[in-house]
Amino acid sequence: MALRVPAIPFTFVAHTLAIAALVLVLVWNIHFRGGFAWEATNKNLIFNLHPLLMLLGLIILGGEAIISYKSLPLKKQVKKLIHLVLHALALALGIIGIYAAFKNHNESGIANLYSLHSWIGIGVIVLYGIQWIYGFLIFFYPGGSPTLRSECMPWHVVFGLLVYILAVANASLGFLEKLTFLESSGVAKFGSEAFLVNFTALITILFGVFVVISVLSEAPAPIEDDHSYSSI
């Protein structure tokens with residue numbers, strides 16, 4: 001299904017929401033949570049890297065990779081490379097972000113993988129990696145035959161969107177889980193930090209919505225159309 005409207009306006013909104021979400025998560029972790037650190041006596045500073053890297057990686061860069069085909073009027077091969085590289089960066093930041101959470105838990109004596117958020121998170125990163133490897137092999141190098149690419153394309157698109165939607169949903173679950181822990185530790189339920197976290201989650205969800213709408217909308221005409229199949 002495709003919407004008979006141009007994707008460009010939706011991608012502009014998505015870019016704006018991405019910047020807003022990134023700014024909010026930085027304000028939250030720097031102003032309210034004390035900043036970031038890889039090594040620190042205050043282990044919370046290590047954990048603060050987790051929401052930043054997951055949002056920047058799987059959500060923002062992952063979303064920008066998905067809509068790159070709808071927001072950039074470039075040659076197909078250039079857009080394919082941008083798509084591939086952005087997803088690779090998203091995957092790398094996601095892996096580091098998950099490691100930061102494990103590092104914080106291990107150094108703080110907290111159990112790992114006890115929550116639904118952590119279970120879904122591991123599933124998302126594994127599926128994201130499988131999707132990237134699958135796309136690389138079929139659509140980039142060594143590349144499949146035109147028939148194979150045409151047959152795999154719908155599955156690549158659908159599976160990629162499902163993984164991305166799951167990532168956005170799990171990010172929202174992560175914001176909720178962290179805020180619940182903070183409120184049980186004394187953060188005011190109607191305080192400025194609580195509102196900031198909730199608004200960050202809402203903007204993250206809206207970003208995901210506009211990514212999906214952009215995918216369903218019409219892309220700008222490419223500079224050069226070689227009529228070959230490329231990953232979306």
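**Ground rules.** I number residues from 1 along each chain as its sequence is written. Because the model is predicted, local features need pLDDT of at least 70 and side-chain atom pairs count only at pLDDT 80 or more, while totals for chains, interfaces and linings use all residues; side-chain values use heavy atoms, with hydrogens and water left out.

**Entry 1, the core.** I looked up the largest nonpolar core and found 42 residues in it. The term covers buried Ala, Val, Leu, Ile, Met, Phe, Trp, Tyr and Cys residues joined through side-chain atoms within 4.5 Å. For burial I used under 20% relative accessible area, with exposed over 50% and partly exposed in between (1.4 Å probe, protein chains only). W28, I59, Y164 and F207 have the most contacts inside this core. At least two residues each come from α1 (8–32), α3 (49–71), α4 (76–108), α5 (116–140), α6 (146–184) and α7 (192–216). The largest share, 10 residues, is from α3. Helices here are DSSP runs (H or I, at least four residues), numbered from the N terminus.

Which residues is I59 in contact with, leaving aside neighbours within four places in sequence? I listed M54, Y164, A167, V168, A171, T204 and F207; contact means heavy atoms within 4.5 Å.

I found Y134 in helix α5, partly exposed at a relative accessible area of 25%. Beyond its neighbours within four places in sequence, Y134 is in contact with C152, W155 and H156. Y134 and H156 are 22 residues apart along the chain, and their C-alpha atoms are separated by 8.3 Å.

I noted a nonpolar surface patch made of L113, L116, W119, I122, V126 and I130, with about 580 Å² of accessible area together. The areas come from the Shrake-Rupley method with a 1.4 Å probe. W119 lies in helix α5 and is exposed, at 57% relative accessible area.

Most residues other than glycine have a negative phi, and most peptide bonds are trans. L113, in the loop between α4 and α5, has a positive phi near 55°. L113 is partly exposed, at 39% relative accessibility. Y141 and P142 are joined by a cis peptide bond, with omega about 0°; P142 sits in the loop between α5 and α6.

Terms used
Patch = residues over 30% accessible without salt bridge, like charges linked within 9 Å, V, L, I, M, F, W, Y side chains within 5 Å. Salt bridge = Lys/Arg side-chain N within 4 Å of Asp/Glu carboxyl O.
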